[in-house]
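Here are my notes on the model, as promised. Have it open while you read them.

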Amino acid sequence: MFGTMNRPTILITFFFLLVFSASFSQAGYLFVKRGIKKKRIYTEGDEIRLKLKDGNFCSGSITLLRNDTIFVNGLPVHKTFVKEVLLKKKPKKPFPDAKTVALIAAGSALTSAGLAISDKDHQTEALIAGPAIGFGPLLIKHFGGRAIGAIPRKKFRIGKKFYLQVLDFHISPQIQRLKTF
């Protein structure tokens, strides 16, 4: 591959690769962790709601993550002042409309009829199997999801179980001024 290219072309290619890798550095991350597991990841530009130790609330967009400090709408909040990270409430999924239910009922009737015709010995099982095939997943999704989501997490209480970790990739002005060569 490199045998057909001449030396200046290879050097220019590597130069541009180095320039672009330095100019497109990553943004900072804010992790809500429990032990070593990450429970929630926030980046710069994400919306966040915080409850501080003095009882005040701070909500808005994360503008910067640097030196264990979270800048929310430009206002600095050190990670040690955060008491809770509040989560958004997810909207409940509505039950399907009448048209969808009618289509499922028609499909269940056709399935029951097909099963009853193909297996004449077990017609009662076919009458039960059609609606079970059609409406079963819908009912499990709707009512099972409500049962599991009955106790949703509303916040991460920072302290004993959860903690914040700020990972910033910004080059500080001191490091920029130092010349390595």
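Is Phe 162 buried or exposed? Phe 162 is buried, with a relative accessible area of 4%. Keep in mind that this is a predicted model.

1. Aromatic pairs. Going by centres within 6.5 Å, the count comes to two aromatic pairs. In one, the rings of Tyr 29 and Phe 31 have centres 5.9 Å apart and planes at 5 degrees, so they count as stacked; the cut-off for that label is under 30 degrees. In the other, Phe 156 and Phe 162 have ring centres 4.9 Å apart and planes at 65 degrees, which makes the pair edge-to-face, the label for angles over 60.

2. A lysine over a ring. Phe 31 has another neighbour to look at: Lys 38 lies over the face of this ring, at 5.3 Å from the ring centre.

3. The hairpin. Strands β5 (residues 69-72) and β6 (residues 75-78) run antiparallel and are joined by four bridges. Within this pairing, Ile 70 has Val 77 in β6 as its bridge partner. The two strands form a hairpin with two residues between them.

Methods: Residues numbered from 1 in each chain as written. Predicted model: local features only at pLDDT ≥ 70, side-chain atom pairs only at ≥ 80, totals over all residues. Heavy atoms only, no water. Phe/Tyr/Trp six-rings, centres within 6.5 Å; stacked < 30°, edge-to-face > 60°. Buried < 20%, exposed > 50% of the residue type's maximum accessible area, 1.4 Å probe, protein only. Lys NZ or Arg CZ within 6 Å of the ring centre and 35° of its normal. Pairing = 2+ DSSP bridges.
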